[in-house]
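Dear colleague,

I am handing over the structure below, and after it you will find what I noted when going through it. Please read the notes with the coordinates open beside you.

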Amino acid sequence: MTILTENELKKLTGEVWMSDESRENLTYLTDELKNRFAGTKGEHAAADYVETKFREYGLEEVKSEEFDFQGWQRGSTSLSVLGEDLPAIALPYCPPGTIEGELIDLGDGLEEDFDRDIKDKIVMVTSHTPTYRKRWLHRGEKYSRTVDDGARGFVFINHYPGNLPPTGSLRSDRIGEITGIGVSKEVGSRMKRNLQRKGELKATIKVDAGVEKSISHNVIGKLNPNSDRPAILVGGHLDGHDISQGAEDNGAGITTVIEMARALAPYSDEIERPIYFVAFGAEELGLIGSKKYVERHRVSDIGLVLNCDGPGRARDVKFITNGFRDLAGKIEEYIPEDESPPKIEDRISAHSDHWPFVKEGIPACQISPDTGDEGRGWGHTSADTLDKVDFRNIKQNAITLAQLLLEFSSEGLGVKKKDPEEIKQQIKEEGREEEIDWL
């Protein structure tokens, strides 16, 4: 049973619905800052802003923790095929330099697609994973296979239309081994047609990029920090990509976290266990901020992690519970009765900030938008802009997740930790070793 009375819950709900705070926060993080790429002035300003808001809302022990990481700064990118320059962008952590080589088409970049000699070739793969596959294949896994098999270049083709080349890190906190660029579906389709027609096709790729060390921040604020009960950590990443505003990924998500903190702060004295709100830096470059948090803090005191990566982007959310089946059961039990039944996927998910905690055996859930077959949609493209966001979704998700958080904080968590060896065994059972190795 929640710690708040029915009238208090109605007051919380009404205040979130009537407030314009979430709109103001996300508008600042997007329209004002342009982008929040890790290590840039935009990301630093975002961290300062979240720290200020945490203090303004009445959170305790608010601080910003600085950390170093391998920086990457975008320069120019050129792709030349048949003497024509085609639109392309470098993928973060692409090394600078110029390469020339023969193009080879490996389709969607599935495991079996690599049963060909690609040594010294420039590999083309799409961002798509067929629905019949048991699991989604991440960009990093496709890049790793390309590197391991001796190719000299990697062309990542968006499978969504719209002349939108995709971005996304090639490695985690380090420069990649070979050139990697993103091109739109339309450019990729044209290259594939030319290759099929001519039988052989060469490309020249030139990338300029800065590869100096850089600085990012994790921003932390707490409710009821002095309780001796295991804490709940609610997090989301505040950074985005440099080619867009990052309004959906993860502007909407971190705004939802901030709004949850604002909504619950007046009830701090009634909350029965510590709640830590954390805005992680440098997630898009390989979960760097959350890794740094786990390295620096005694995470054995944390009993549950709720990681918000994208909620606010859709009306409904889904919960990925990483094999913690008792966590899945509690979510089903605690979601308010007037909400639609939650969508729960009890599988390993390694590509967001809950993962460093899961590796330690801490029960952790990734909370993402339930977009059906849409997948990433506008995310990781220049079209991830503020106009794509419906603020009603942010408000509804903040209310639902705040109530879920109150339920978890009112009684025993009812969720057991695991030995890290159990996590490794589950990774093996799900066939995700290669998916996770690149992190």
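**Helix packing, sheet and cores**

In this predicted model, S22, R23 and L26 of helix 2 meet F391, I394 and K395 of helix 10. Two packed helices are described by the angle between their axes and the distance between the axes. For helix 2 and helix 10 the angle is about 115° and the axes lie 10 Å apart, and the crossing of these two helices is right-handed.

Helix 10, residues 391-410, also contributes to the largest nonpolar core, which has 77 residues, with F277, Y293, F357 and F408 having the most contacts inside it; the largest share of this core, eight residues, comes from helix 10. If residues up to four places away in sequence are not counted, F408 touches I232, R273, L304, L327, K330, I331, Y334, L413 and V415. Another core lies apart from the largest one and has 45 residues, including L86, F114, V123 and F156. In soluble globular proteins, nonpolar side chains tend to be buried together.

Turning to the sheet, eight strands form an open arrangement in the order 3-2-9-5-6-7-8-4, with mixed pairing. Strand 3 (84-86) and strand 4 (89-90) each have a single partner strand and stand at the edges, so one side of each is left without a neighbour in the sheet. Strand 5 (residues 97-105) and strand 6 (residues 122-126) run parallel and are joined by three bridges, and I104 stands opposite V123 in strand 6. Helix 4 (residues 139-148) packs on the sheet, where it touches strand 6 and strand 7 (153-157), and its direction makes about 150° with that of strand 7. Helix 5 (residues 185-198) packs on the sheet as well, touching strand 2, strand 3, strand 5, strand 6, strand 7 and strand 8, and its direction makes about 65° with that of strand 5.

The buried residues of helix 3 are G42, E43, A46, A47, Y49, V50, E51, K53, F54 and Y57, and what covers them includes helix 2, strand 1 (60-70), strand 10 (213-223), helix 6 (247-264) and strand 12 (275-280). After helix 3 comes G58, whose phi is positive, near 95°.

With best wishes

Note on methods: Residues numbered from 1 in each chain as written. Predicted model: local features only at pLDDT ≥ 70, side-chain atom pairs only at ≥ 80, totals over all residues. Heavy atoms only, no water. Buried < 20%, exposed > 50% of the residue type's maximum accessible area, 1.4 Å probe, protein only. Helix = DSSP H or I, 4+ residues; strand = E, 2+ residues; numbered from the N terminus. Contact = heavy atoms within 4.5 Å. Core = buried A, V, L, I, M, F, W, Y, C linked by side-chain atoms within 4.5 Å. Pairing = 2+ DSSP bridges. Axes fitted to C-alpha atoms, helices over the stretch in contact; angles between N-to-C directions. Left-handed = near helix turned anticlockwise from the far one by under 90°.
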